[in-house]
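My notes follow in the order I took them.

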Amino acid sequence: MKRTQTSFLACASCRSRVLRSLTGSPLRRAYSRPPSAPKPQLDVKHVRQNPGLYEQNCIDRNYRAQSKNSWTIIELYEKWKDCQVSARDLRERGNALRRKLANAASLSGDAEGAITMDKTALQAEGREIKKELSGIEDQEKELEEQMANLALELPNLSSRFTPIGTEAEVIGYINDHPEPEPSSSDRVWRSHVHIGSELGLLDFAGAATTSGWGWYYLMNEAALMEQALIQYALSVARKRGWMAVSPPSIVYSHIAAACGFQPRDQNDEQQIYALQQAEKDKGKPSLVLAGTAEIPLAGLKAGQILSDADLPLKLIGVNRCYRAEAGARGVDTKGLYRVHEFTKVEMFAWTLPDLSEGENFATENSVHSEAIFDEMLDIQREILESLGLHCRILEMPSTDLGASATRKRDIEAYFPSRRDRDNGWGEVTSTSVCTDYQSRRLQTRVRLEKLGRKLDFPHTLNGTALAVPRVLAAILENNWDEASMKVTIPSVLRPWMGGMEAIERKRA
C-alpha cells in the first residue's frame, strides 16, 4: 500500500498516551466472515509506523471512535513481540531437551535406572514446555486478530486534494442556470411530485399501500424515461470502452463490508437491508441487499489475480439499489429524491497501483487511477450536459468521504423544488478513488510482469453514470412548462422513447 502523506512516527512518550483498553473484541461486526471469504491483507505495518497520521485522518473524517486504533495496534504489537521472544526461548529449550533425550536413549549399562529417571523428568519438562508454547501461540493469534480487526475499522487515508472539514469546494459548473435572476423571473416552478400527479407519471399512494413510504411507482412515460436514461448512459460509457455488466443485487454481508459498506453507519443507523435467512440456512454466510452496483462489481474479482496487461478494467453495471437510510430522510420524505429502491447505472474500474520512485511497471497501454477518475467525470459531464441540467461539480470534504474513498467528487443538479433548503442543489452523481482499500480486503491482486511477476494490489474506482429517480425528477422540474402543462423530453432520450418530444396530460 503506497502512501504519499506525511508520516507521523510513533515514539515511547506518544504510546504512553494510549487510553484504549486492550481487552475484549476491538471490532463489533454485525456479520461473520466465513472460511471461504477472501482474507483481508492489510498494511498493518504502515499503520504502526504512522499512528498520528491515522489518528488525525480518523478525526478529520469523523471516525473519532476509531481515532486511537493505530496507537492500540502499537501496544498490541509490543505484546505480540514479547510473545515471539518467549516462544523462541521455549522452542530453544525444547530443542535442547530433545537432544538430551536422544543422548539418554543411546546410553545403556549400569546407569540404566538413573537414565530412565532422567528421561522421565525430561519428558515431563518437555510436556510442560509444549503446553506453555501452545498457550503463547494462541495468544499470538489472538493479538494478530485484534490488530487486524482494529485496522479493518480504519477508513482510507484522505488524498491531498480533499478539503479538511465539512465544506465542499466548488470546482465548476455544467450548463447555465435556468433562472439566474429569480427576482425578475415570472417562471412558475413545480415540484416533480406535483408534475408527476398532473401527468399521471408517479404513484406514491399505491406504493405506500404496497410497500410503505419511500417507495414509488413510475407510470406511463416516466417508466419509459427510466429505460431511456439507462440506455443513454450505457451508450455514452460503452463508446469509451466500458464493458456492460448486469450484476446481482444480493451480496454476502462480508463482501459489502470489505467494500466499505457496514450494516450500520457511524451513528449506529441502519445503512443497508439485511435478509432474514431460514432456520436451515443459519449456518450460511449472511446476505444483504446491495446499496449500489459498486459492491457486486468489486466482488466480481475477489480472490483473483489480474494481469497488468488487462488493466485498466472498466465495467458499467445496471442494477436495482436498496438503501435503508433510517433517520436520514427528513424533509426529503416526499418524492423521488431519497427513496429506498432505485435503478442506477454505475461505473467501476481496476487500475494499476500508483508508481513509486524507482519503479517502472507500466505497460504500453496502462492507465492509472487519476486518468480513470477524470474519464468517469467526463462521462458524467457529457450525460448531464446533454440532458440540459444545470449542475455544479464539488470536491468533497473529508467528513463526507465513505470509509473506502481517498477522494470523492460529487455533481449536484439544480432542483427548483429544493430552492428553500439547499439553494436548489441536490446530488445526482458521485465519483470516488479507493486506492487499494477494497482490493486488499477482497484479495484482488495484479501480477506486475515488469517487476519480476511481483504481486500487488490494484486500485479501484467507482462512479455514478446515472441515478434514475433523481435525474428523472430534475428533468421533470426543469423542463416543465406551466402554460402548456407539458414536460419537454431531452433530445438525447427521444430515440429510446419512440421519438416522443414531450409528455403532456392524458385526455379523458
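I started with Asp 281 and Lys 284, whose side chains meet in a salt bridge at 3.1 Å, N to O. This is a predicted model, so I read each distance as computed from it. I then looked up the accessibility of Asp 281: the relative accessible area is 15%, and Asp 281 counts as buried because the cut-off is under 20%.

Next I took Glu 412 and Arg 392. Their side chains form a salt bridge of 2.8 Å, N to O. Glu 412 sits in strand β11 (residues 407–414) and Arg 392 in strand β10 (residues 391–395), so this pair ties together parts that are 20 residues apart in sequence. I noted Glu 412 as buried, at 13% relative accessibility.

Lys 81 and Glu 78 are both in helix α4 (residues 69–106), three residues apart, which is about one turn of the helix. Their side chains meet in a salt bridge of 3.8 Å, N to O.

Glu 226, Arg 320 and Glu 341 are linked in a network of salt bridges. How many salt bridges did I find by this rule? The count comes to 23. As a reminder to myself, side chains of opposite charge can pair when their charged atoms come close.

I then turned to Ser 158. Ser 158 is in the loop between α5 (112–153) and β1 (169–174). I recorded Ser 158 as buried, with a relative accessible area of 8%. The side chain of Ser 158 makes a polar contact of 3.3 Å with the side chain of Arg 61.

Last, I traced a sheet. Three strands form an open sheet in the order β7-β13-β14, and the pairing is mixed. Which strands stand at the edges? They are β7 (305–307) and β14 (454–456); each has a single partner strand, so one side of each is left without a neighbour in the sheet. I noted an average twist of 35° from one strand to the next. β7 and β13 (residues 445–448) run parallel and are joined by three bridges. Within that pairing, I found Leu 306 opposite Val 446 in β13.

Notes
Residues are numbered from 1 along each chain as its sequence is written. This is a predicted model: local features need pLDDT of at least 70, side-chain atom pairs count only at pLDDT 80 or more; totals for chains, interfaces and linings use all residues. Side-chain values use heavy atoms; hydrogens and water are left out. Helices (H or I, at least four residues) and strands (E, at least two) are DSSP runs, numbered from the N terminus. Buried means under 20% relative accessible area, exposed over 50%, partly exposed in between (1.4 Å probe, protein chains only). A polar contact is a pair of N or O atoms within 3.5 Å; within protein, one must be able to donate a hydrogen and the other to accept it, and residues adjacent in sequence count only if both atoms are side-chain atoms. A salt bridge is a side-chain nitrogen of Lys or Arg within 4 Å of a carboxyl oxygen of Asp or Glu. Two strands pair if DSSP finds at least two bridges between them. Axes are lines fitted to C-alpha atoms, for helices over the stretch in contact, and angles run from 0 to 180 degrees between N-to-C directions.
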